[in-house]
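Please read it alongside the sequence and coordinates.

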Amino acid sequence: MNAGEKPNLIVVSCREPYVHKRTSRGVVCERPAGGLVTALEPAMQRLGGLWIAWGDGSADRDFVDAEDKLWVPPEAPAYQLRRIWLTQEEREMFYLGFANQYLWPLCHMFIDALRFKRVFWQGYKAVNEKFATAVLEEAGGAPAAVWIQDYHFACAPHVIKSARPDLPVSLFWHIPWPPWDIFRFCSQKTELLECLLACDLIGFHLDRYCENFVACARECLGANVGDDGFEVEYRGQCTAVKSFPIEIDSQLFQKLAASQKTENSMQRLERKYSLAGRKVGLGVDRLDYTKGIPEKLRALDVFFTRYPQFIEKFVFIQVLAPSRSKIQAYRVLTERVLQKVEELNIRFGTNEWKPVVCINSSLDRENLVPLYRMADLMLITPVQDGMNLVAKEYVASQIDEKGVLLLSEFAGAHEEMKHSITINPYDSEGVADAIRRALEMPEAERKKRIRASRDFVSKHDANTWLDSVMGELASLADLSKHAFR
Ligand code: GDG
């Protein structure tokens, strides 16, 4: 897309792919941690177009033009980013309120964590309208495909379609969609479903989430469901509901894992955490109550109690990426997790050794990959997770094919990573036994399992994911794929 041209593709998300921040080292441009941005960014680099997102970096305003836009990535501009500014109140009602204290816990079935205020909902709708207006401005009167991301924008499709019924609108819901028995707790269920059904296409990671969504539309609105169970008709509008399991750029992870920089970092990490001669376990999670971090620490407790032969022989490294720390539930979780880590280190640690190394900060990809590559086992324990990209990144980075993936059956990724070891995070003893099994697993079995998973992630990568979503969108838009650059 050249300057002045209208974009063929308009993507909308809450978090932006590049954040400009003022730090003590001056202004830095960072890529935020989080699955959505990681998955979508390579796609946008390939397709071009325009990405609309909330500009929440402290120096974001200094880098946009008069239309609040900039070209990114900064080092090799490929597409435009338009930043939307939110007031403090909008941020509290929309982002911290309705999106993250209501829809997030609802969709992950954490009913006790639901917090609702009418102003949250009003703020949510207002911000959705603001983003939808930006989409309409950017599209002008021209044809374009609109691809909205995630639970932050359930109401935007309705606003866009009311003004421009001809624009093909698709929304990808990156988190689970709960069964009707859970969704019915939602006091805005009717309006939310009605707004979503303005879309031509709604994507989820798994068929199970599609089925849940379709059942909600039928039960709540009395919508008609097509014979195949994946098409919904409501008030004359047809919406296709399809699963598109999100994938990663596996080649990029392999390449990074094989780099000299990674080798150097591995050696540094080995020295820093005294890992030589010890087996290494790894956990990488946003600090979120859905990720099962306390459950993981409980399992480690059982593991070291039950299998003392691993004292001083096994180090568990847990990366905790701070997240949504303005919300009380997240602050409570952080405190609880850090306390438990300390307790484990006091109970089991020796002068020479700490069982759990906690890296309490967000790491960029270049620093995650050496950990992925060197870990003998990866412990992924969500109690609910739409997909979980970390599982796939670990597998792709395992170029030495020695590691074992232990994966919760409640992560969407479990449906694809069939050669991992299945764990139930609520069963601490089962997880402890699985850790032992992984540590004692013969080399041939480890190799066979990780190789099968690596085959999967290289055959189904970010490009396959993107092509299937874009193919579907293009057919809905009646545009050929060539319409997308
Ligand atoms: C949501 C859904 C779904 C970078 N630094 C850190 C870090 N990153 C990157 C990882 C990975 C991503 O963040 C985390 O992705 P996940 O998929 O594991 O989790 P969510 O952020 O909850 O993502 C999820 C995803 O959207 C995509 O649709 O899979 O189910 O919840 O790419 O490389 N991650 C962590 N620490 C860092 O320091 N944890």
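Which residues in α6 meet which residues in α7? The reply is under point 2.

1. Basis of the note. This is a predicted model, in which local features need pLDDT of at least 70, side-chain atom pairs count only at pLDDT 80 or more, and totals for chains, interfaces and linings use all residues. Residues are numbered from 1 along each chain as its sequence is written, and side-chain values use heavy atoms, with hydrogens and water left out.

2. Helices α6 and α7. Lys189, Thr190, Leu193, Glu194 and Leu196 of α6 meet Phe213, Cys216, Ala217, Cys220 and Leu221 of α7; contact means heavy atoms within 4.5 Å. These residues divide into 7 nonpolar, 1 polar and 2 charged (Ala, Val, Leu, Ile, Met, Phe, Trp, Tyr, Cys and Pro count as nonpolar, Asp, Glu, Lys and Arg as charged, and the others, Gly among them, as polar). Helices (H or I, at least four residues) and strands (E, at least two) are DSSP runs numbered from the N terminus.

3. Geometry of that pair. α6 (residues 189-196) packs against α7 (residues 207-221) at an angle of about 120°, and their axes are 10 Å apart. Axes are lines fitted to C-alpha atoms, for helices over the stretch in contact, with angles running from 0 to 180 degrees between N-to-C directions. α6 and α7 are therefore oblique to each other: angles under 35 degrees count as roughly parallel, over 145 as roughly antiparallel, 65 to 115 as roughly perpendicular and the rest as oblique. The crossing of α6 and α7 is left-handed (the near helix is turned anticlockwise from the far one by less than a right angle; clockwise gives right-handed).

4. Domain arrangement. The protein chain is divided into domain 1 (9-246 + 463-483) and domain 2 (250-460), with bounds that come from an automatic or database domain assignment. Taken over C-alpha atoms, the centres of domain 1 and domain 2 are separated by 30 Å. Domain 1 gives 27 residues to the contact and domain 2 gives 23 residues.

5. Interdomain surface. About 2,000 Å² is buried between domain 1 and domain 2, with 62% of it on carbon and sulfur atoms; buried area is the accessible area (1.4 Å probe) that two parts lose on being put together, summed over both. Trp104, Phe110 and Ile246 of domain 1 lose the most area to domain 2, together 25% of what that side buries.

6. Helices α8 and α13. The axes of α8 (residues 250-257) and α13 (residues 389-397) cross at roughly 50° and come within 8 Å. That angle makes α8 oblique to α13, and the crossing of α8 and α13 is right-handed. Ser250, Phe253, Gln254 and Ala257 of α8 meet Glu393, Ala396 and Ser397 of α13, a contact of 3 nonpolar, 3 polar and 1 charged residues.

7. Backbone points to inspect. The peptide bond from Val72 to Pro73 is cis, with omega near -10°; Pro73 lies in the loop between β5 (69-72) and β6 (79-84). Arg235, a residue other than glycine, has a positive phi near 50°, and Arg235 is placed in the loop between β11 (231-234) and β12 (237-243).
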